[in-house]
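Q: Before we go through this model, how should I read strands and the way they pair?

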Amino acid sequence: MRRLVPRVACCSLLLAGLAAAQTLSQRLPVSPAAPSNSIPEGTKFIIRLSDKLDTRKVKPGKHFQGKLAEDLTAPGGAVIPRGKKIKGHVSSVDRGFHARLLLSFDEIETQHGWMPLVVTVTGVPGEHAVKQPNAEGDIERKGPNKGRMIESAAVGAGVGALGGVVAGGSHGAAIGAGVGGGAGLGAGLLTDRDLKLDKGQMLEVRLDRPLQVPLH
């Protein structure tokens, strides 16, 4: 019994100490977390191209530039203002009826130097001839427009028929229409082969890694 008394006393003192420490910690003011100067991953924003990109001419590795089309603001208030330059390069190019561009962005200008930029293209606002970019950010042209193909064939047929009448009457008109229609259709297909992103074209991108905004 005498041995239990000191043990009970020690336990009581320990519990009292823990209670006092907990009460003290509750009374102490909690310092707020430092504001973050990092723009979170997943943030979407708009880039405006400063160069023209055409699948007929560009090759993998070609460098291009763009500009930030809107302010980027970190939770702590640090800002990368619109108009700051952005550098990138063409990662891959596919030509033909399913022309495709894969663009990589390398760095962005801030008020205190350049910072690495890791983003994926998620949209091409205002460009209806382009498919919605996939998960990797591929910008791909839509397939040949059937309406334009028919219109091109009709125009070609009309021109061919007129030339056929001049050359050989009604029989010549029929032959001319067939040849002209084929030529018009071919012209329509060739017109739809390439993907062009003109200077000033806007691209919607998404941050794949947080972007640190330097303060000095």
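A: Two strands pair if DSSP finds at least two bridges between them. Helices (H or I, at least four residues) and strands (E, at least two) are DSSP runs, numbered from the N terminus. In this predicted model, strands E8 and E9 (residues 113-116) run antiparallel and are joined by 4 bridges. Isoleucine 108 has methionine 115 in E9 as its bridge partner.

Q: What conventions apply to the numbers and the atoms?

A: Residues are numbered from 1 along each chain as its sequence is written, and side-chain values use heavy atoms, with hydrogens and water left out. As this is a predicted model, local features need pLDDT of at least 70 and side-chain atom pairs count only at pLDDT 80 or more, while totals for chains, interfaces and linings use all residues.

Q: How many helices and strands does the protein have, and which other strands pair?

A: The protein has 2 helices and 14 strands. E2 and E4 run antiparallel, with 3 bridges between them; leucine 49 is opposite glycine 66 in E4. E4 also pairs with E7, again in the antiparallel sense, over 5 bridges. There, glutamine 65 has lysine 87 of E7 as its bridge partner.

Q: What share of the residues is buried?

A: Buried means under 20% relative accessible area, exposed over 50%, and partly exposed in between (1.4 Å probe, protein chains only). Of the 216 residues in the protein, 32% are buried. Accessible areas come from the Shrake-Rupley method with a 1.4 Å probe, and for residues only the protein chains shown count as cover. The protein exposes about 13200 Å², 59% of it supplied by carbon and sulfur atoms.

Q: Which residues touch the most other members of the largest nonpolar core?

A: In soluble globular proteins, nonpolar side chains tend to be buried together. A nonpolar core is a set of buried Ala, Val, Leu, Ile, Met, Phe, Trp, Tyr and Cys residues joined through side-chain atoms within 4.5 Å. The largest one here has 33 residues, and those touching the most other members are Phe45, Leu53, Leu101, Leu103, Phe105, Leu117 and Ile139. Elements giving two or more residues to this core are E2 (44-49), E4 (63-68), E7 (85-94), E8 (100-110), E10 (119-123) and E13 (202-207). E8 gives the largest share, 4 residues.

Q: With which residues is leucine 101 in contact?

A: Contact means heavy atoms within 4.5 Å. Setting aside neighbours within four places in sequence, the contacts of leucine 101 include Leu53, Val90, Ile139, Leu195 and Leu197. Leucine 197 lies in strand E12 (residues 196-197) and, at 0% relative accessibility, counts as buried. Beyond four places in sequence, contacts of leucine 197 include Leu49, Leu101, Leu103 and Val124. The C-alpha atoms of leucine 197 and threonine 55 are 8.9 Å apart, although 142 residues separate them along the chain. For the protein, 66% of contacts between residues at least 6 apart in sequence join residues at least 24 apart.

Q: Is arginine 100 buried or exposed, and what does its side chain contact?

A: Arginine 100, in strand E8, counts as buried because its relative accessibility is 18%. A polar contact is a pair of N or O atoms within 3.5 Å; within protein, one must be able to donate a hydrogen and the other to accept it, and residues adjacent in sequence count only if both atoms are side-chain atoms. The side chain of arginine 100 makes such a contact with the side chain of aspartate 94 at 2.8 Å, and another with that of serine 92 at 3.3 Å.

Q: What about residues in loops?

A: Asparagine 37 is in the loop between helix H1 (4-27) and strand E1 (38-39). At 17% relative accessibility, asparagine 37 counts as buried. Alanine 129, in the loop between E10 and strand E11 (139-140), is partly exposed at 24%. Beyond four places in sequence, alanine 129 is in contact with Glu140, Arg141 and Lys142.

Q: Where is the pLDDT below 50?

A: pLDDT is the predictor's confidence in each residue, from 0 to 100. The mean for the protein is 75, and 61% of its residues reach 70 or more. Residues 152-167 are below 50, with 24 contacts in the model beyond near neighbours in sequence. Residues 169-191 also stay under 50, with 30 contacts beyond four places in sequence. Where pLDDT is low, the predicted coordinates should not be read in detail.
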